[in-house]
Amino acid sequence: MALQLHPNCEFCDKDLPPDAVDARICSYECTFCVDCVDTKLHNVCPNCGGGFVPRPVRPTNEWRQGVSRMKQPGSAQRVHLKYSLEDIAAQSARVRGVDPAKR
């Protein structure tokens with residue numbers, strides 16, 4: 001199963017194509033741009049409370065048969081936040097001081 005590679009930041013709606021190096025994901029593949037993760041979310045996913053890591057870039061070249069961006073493109077379905085900005089700020093403030101291994 002390949003990552004869906006959501007096409008946008010759920011917070012600011014910035015385009016994040018499959019080759020974006022500024023895309024960040026949590027363990028549930030919630031997707032945000034690095035700017036929102038660092039300045040608005042403070043490395044706290046507003047959906048699950050986990051942290052973020054850089055999203056892998058899907059290869060353009062088909063190094064193995066059937067495995068490439070052309071054969072397995074990223075998702076075209078845009079995803080948006082389900083929570084208010086106030087709720088997101090409160091979640092971030094509540095969770096960001098907790099050790100990521102204990103979240």
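Start by selecting Ser 68, which is buried, with a relative accessible area of 2% (buried means under 20% relative accessible area, exposed over 50%, partly exposed in between, with a 1.4 Å probe and protein chains only). You are looking at a predicted model, in which local features need pLDDT of at least 70 and side-chain atom pairs count only at pLDDT 80 or more, while totals for chains, interfaces and linings use all residues. Residues are numbered from 1 along each chain as its sequence is written, and side-chain values use heavy atoms, with hydrogens and water left out.

**Around Ser 68**

Ser 68 sits in the loop between strand 3 and helix 2 (85–95); helices (H or I, at least four residues) and strands (E, at least two) are DSSP runs, numbered from the N terminus. Now show what surrounds Ser 68: leaving aside neighbours within four places in sequence, Ser 68 is in contact with Arg 58, Pro 59, Thr 60, Asn 61 and Glu 62. Contact here means heavy atoms within 4.5 Å.

The side chain of Arg 69 meets that of Asp 19 in a salt bridge, at 4.0 Å from N to O. Asp 19 is partly exposed, at a relative accessible area of 40%. A salt bridge is a side-chain nitrogen of Lys or Arg within 4 Å of a carboxyl oxygen of Asp or Glu, and by this rule the count comes to five.

Move to Asp 22 and Lys 14, whose side chains form a salt bridge at 2.4 Å, N to O. Asp 22 counts as buried at 19% relative accessibility, whereas Lys 14 is partly exposed, with a relative accessible area of 37%.

Then pick Lys 40 and Asp 35, joined by a salt bridge at 3.9 Å, N to O. Lys 40 is partly exposed at 37% relative accessibility, and Asp 35 is partly exposed at 42%. Finish this stop with Asp 13, Asp 15 and Arg 78, which are linked in a network of salt bridges.

**The nonpolar core**

Select Cys 9, Leu 16, Phe 32 and Phe 52: of the 14 residues in the largest nonpolar core, these touch the most other members. Strand 2 (31–33) and helix 1 are the elements that give two or more residues to this core. A nonpolar core is a set of buried Ala, Val, Leu, Ile, Met, Phe, Trp, Tyr and Cys residues joined through side-chain atoms within 4.5 Å.

Keep Leu 16 selected and show its contacts. Not counting residues up to four places away in sequence, Leu 16 touches several residues, including His 6, Pro 7, Asp 22, Phe 32 and Arg 55.

**Two positive phi angles**

Go on to His 42, in the loop between helix 1 (34–39) and strand 3 (53–54). His 42 is not a glycine, yet its phi is positive, at about 55 degrees. Asn 43, in the loop between helix 1 and strand 3, also has a positive phi, near 60 degrees. His 42 is partly exposed, with a relative accessible area of 34%, and Asn 43 is partly exposed too, at 30%.

**Down helix 2**

Which residues of helix 2 are buried? Select Ile 88, Gln 91, Ser 92 and Val 95 to see them. Seen down the axis of helix 2, its buried residues fall within an arc of 95 degrees, so they line one face of the helix; the arc is that of the directions from the helix axis to the C-beta atoms. Last, turn to the other side of helix 2, where Glu 86 and Arg 94 are exposed.
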